[in-house]
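Take a look at the structure below.

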Amino acid sequence: MERGYWIRSKPVYTSLLWHEKATSHLVVAQGQGGMAVLKLFQLMHPKQAITVLYTPYAEADYSKTLVKVVPEGLHILETEQEVLAKLEIVLQGMCMGMRLYIAGSEDFMWSVAKVANKFGIEDAGMMKELTGTLARPIYCVHCKATTHGVTTNIGECSGCGRMLFVRDHFSRKLGAYMGLMIDAESPGELPEIEEIYP
Amino acid sequence: MSMIDIKVAAVEQVTPLVKHFTFVKRDGSPFPAFSGGSHVVVSMNVGGRVHRNPYSLMGSPADTGAYHISVRKQEQSRGGSVFMHENVEVGTSLQITYPVNLFSLAKKAHKHILIAGGIGITPFMSQLIDLNRLNANFELHYAFRSPEHGAFADQLKAICSSKLHCYADSKGERLDLLALLSKQPLGTHVYVCGPNPMVVAVIETARNLGWPENHIHSEQFLSPGIGEPFKIQLAKSNIEVHVPAEMSMLEAIEAAGVEADYLCRGGVCGRCEVNVLESDGALLHHDHFLTDAEKAAGKKIMPCVSRARCDRLVLDL
Amino acid sequence: MALAFKQETFRNDYKYSNSPNAIKRFPFPFAEDQYMYSVNIEPHVKGKTGSVSEFAFDVDEHYVGECLDKQLTLDLDRGRYAALPHMMDAQWDFVELTMEALSNDYPEHFSLKKEGLNWTWENKPLNIKQSFVFGDASTMPMDPFEFMSKQVQGDFVLLDQRDETLYADAGFVTSQADWSLAFDVGMSWREWHAPVPRATELGVMDRALKYLLNLQLGSPVRRLNWTMTVNPRLDTSPENYPLWGTDRNTVNPENVADKVHLRVELQSLFRLPRSNGIVFSIRCYLMSLRELSSYPRWAKRLHRVQKTMHPDLIEYKGMTKFHPMMVEWLSQFDDGSAMAVGTQPE
């Protein structure tokens, strides 16, 4: 079952499953996504080459267990930035038939996807599992800044400070939901702000 | 459907079985430009009956002065390719559709692998010119029966130089698909056009190597084929139409004076899709368009290539 | 007939009006008393002389004012233009299509001279003359698509066809009804239609896509879409929603007839030859309720359409705040008698 809620432009996130025809596997995970990686290896240890890039996030750190479970090709990295830099290097040596698996927050997954896109891997060629936080990246349509990790129904734009209402519209290219000034028609009138994407 | 009136400006025998035709517009005006991989449907009057066959446009997409097609004489022809070979000569007038592209290059691909078998080389002829113009990374792998059947090999050599790889079956040369497709960089797309076993082999090999579906492209026009005669009822027109053995359902419908939509006439594009209102037997689906579930449901049929084996078949036309 | 281009503004002081001829040729979209969302696609064939569909691209008395407004909007926000790198062939297709159409259809205003690939384009109303090599972007002062979309009224989106869908991979969008190119660029057909409410959907988007995937070269199609806009403002973008959002509060029973405009989009789609892409042209026509009521048949029809409008659509089209006032004002034209089907003004 998919977590969170559903809109038509929102990508489908599933549970990670090995692609049986793949000739090699690349798994990129963050924080709670480490659990998704462990579940993958619980299903089976594929015989094709495997590379795993993992970075802990907040309290979620599966590094120690992953070291025991992943036989080879595991890279533990300190930050998301390091993961993305390593990913660039790893992708350069890979061939068609490699399958990409991503697990983590929505912010993280779309940062990874952006790097993969540069190498000609399209959205359909990646599997994504949303783990940990349901926090969303919000793109402000007015000032074009993206605010990361928004957990509330209405969020303040990190760029221009406007209060943004989140439209049910997702851009894969920007990796973010569309945010629109909530009180444009009646300045100052704000509905109650609630945490709905913990 | 808008048609273009053309006349034949040149005919050339390219191989023992392949003829190349050059078309110009009857009114002398330029043709529209087109994209690599496009085809046109040529209408010909064969003994009082209109045949419409799709042929890939060759030559440069930027050359709007003339269009070029090549026709292989089919042994099991229903008349179209034989007519082109035996009755069409310099000066003959014909009608063609505007170009349609059901086999276009993936513009975001990082590399293109083109695989042709025999006359399947034709859609690639125009694509190669686009790829060269765009400075794209590509390889062409061209397999044929024997050197005398390797149509356009010299021309291809000039366009592709070292990117061309030829395989003559008579000389024991074989294309090793597994080796070719297992070492391609990320972002590669593969395209195949040729005889059915080759198309199937390329698709299956790429799939088994984990290639995503949308990186695998094929073009395979079906010819309507010869079957058992049957009868159809057209509900809206309120007439019965007899479909003879050597005629497609679409052709029979047109011959009866009923206007039906169509585009590729090869079971690919889906434009001629018709709703089946009633049937009491088997629908013989031959198209590549409907899903297996749709074929099994029996509510739709593509009259350009499909047939039926039943006593009663009512179409929403 | 030579066109007299008007000096107009589509913001601030809103100096905009329609001449009697412009009102008469307005593409009124409602043939029946009740509005039903539909794809309503028809061949974009030559319409009657003087009508908005007489030519592939309609040029009218608002041409110069609209082109100036486009430039103004783009200067304030470069994000209104976008073209992904793989769309260069489609850009040139667009240049060829628009230059040929305008110079053939309006020879007194536009001319195109070709010597092989050396082309010279002249646009007299905007005082532009440009020689360039067709296919060589370095001979143009800007992207070829940007160059020409500034010189044709309306918005333009270039669609790339792949994976059995259409991607909005380039666009010049300055007069949109509340959608953002900067956000939507690169989206597939289904993604960019996601905000269309369910009540209107009924599978029409999927059917329209299937139809458009087979759109043929030389056989363009068109459809009309509509909404209501407060003030004759072209740029009702989400980007500038803070600027125009409050306009909806300014409508009152006294000014409703002059403030509220019927906004009709003449959408046309052409298959492009070299790129196998599609250009989606969205041309906007604006007419105030007062102008519209110079043909009482239209006012009567619009009254019925609005009175029976589905609440979801009132919300989706942003009409909630002024809808009752609009219906009330239009009601004076409705005597309750039956009307024949048709969009004609009289």
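This is a predicted model. Begin where two chains meet. Between chain B and chain C, seven residue pairs are in polar contact, both residues at pLDDT 80 or more. Three salt bridges link chain B and chain C. In a salt bridge between B:Lys107 and C:Asp160, the N to O distance is 2.7 Å.

Now the extent of that interface. Contacts involve 23 residues of chain B and 16 residues of chain C. Interface size is often expressed as the accessible area that is lost when the parts come together. For chain B and chain C, the buried area is about 1700 Å². Carbon and sulfur atoms account for 45% of it.

Next, turn to the inside of chain B. Its assigned domains are domain 1 (3–101), domain 2 (111–219) and domain 3 (230–315). Follow domain 1 and domain 3. Their C-alpha centres in chain B are 26 Å apart. Eleven residues of domain 1 of chain B are in contact with nine of domain 3 of chain B. Together, these two domains of chain B bury about 850 Å². Here carbon and sulfur atoms give 49% of the area.

Which residues of domain 1 of chain B lose the most area to domain 3 of chain B? They are B:Arg49, B:Arg52 and B:Arg78. Together these three arginines make up 59% of what the domain 1 side buries.

One of them, B:Arg52, also forms a salt bridge, and its partner is B:Glu254. The closest N and O atoms of this pair are 2.6 Å apart. The rule finds one salt bridge across the interface of domain 1 and domain 3 of chain B. Polar contacts between these two domains of chain B number two residue pairs, both residues at pLDDT 80 or more.

Strand 3 (38–46) and strand 4 (49–56) of chain B each supply at least two residues of the side of domain 1 that touches domain 3. Strand 4 of chain B gives the most, with five residues. By class, the side of domain 1 of chain B that touches domain 3 has five nonpolar, three polar and three charged residues.

Notes: Residues are numbered from 1 along each chain as its sequence is written. Chains are lettered from A and ligands numbered from 1 in the order in which they are written. This is a predicted model: local features need pLDDT of at least 70, side-chain atom pairs count only at pLDDT 80 or more; totals for chains, interfaces and linings use all residues. Side-chain values use heavy atoms; hydrogens and water are left out. Domain bounds come from an automatic or database domain assignment. Contact means heavy atoms within 4.5 Å. Buried area is the accessible area (1.4 Å probe) that two parts lose on being put together, summed over both. A salt bridge is a side-chain nitrogen of Lys or Arg within 4 Å of a carboxyl oxygen of Asp or Glu. A polar contact is a pair of N or O atoms within 3.5 Å; within protein, one must be able to donate a hydrogen and the other to accept it, and residues adjacent in sequence count only if both atoms are side-chain atoms. Helices (H or I, at least four residues) and strands (E, at least two) are DSSP runs, numbered from the N terminus. Ala, Val, Leu, Ile, Met, Phe, Trp, Tyr, Cys and Pro count as nonpolar, Asp, Glu, Lys and Arg as charged, and the others, Gly among them, as polar.
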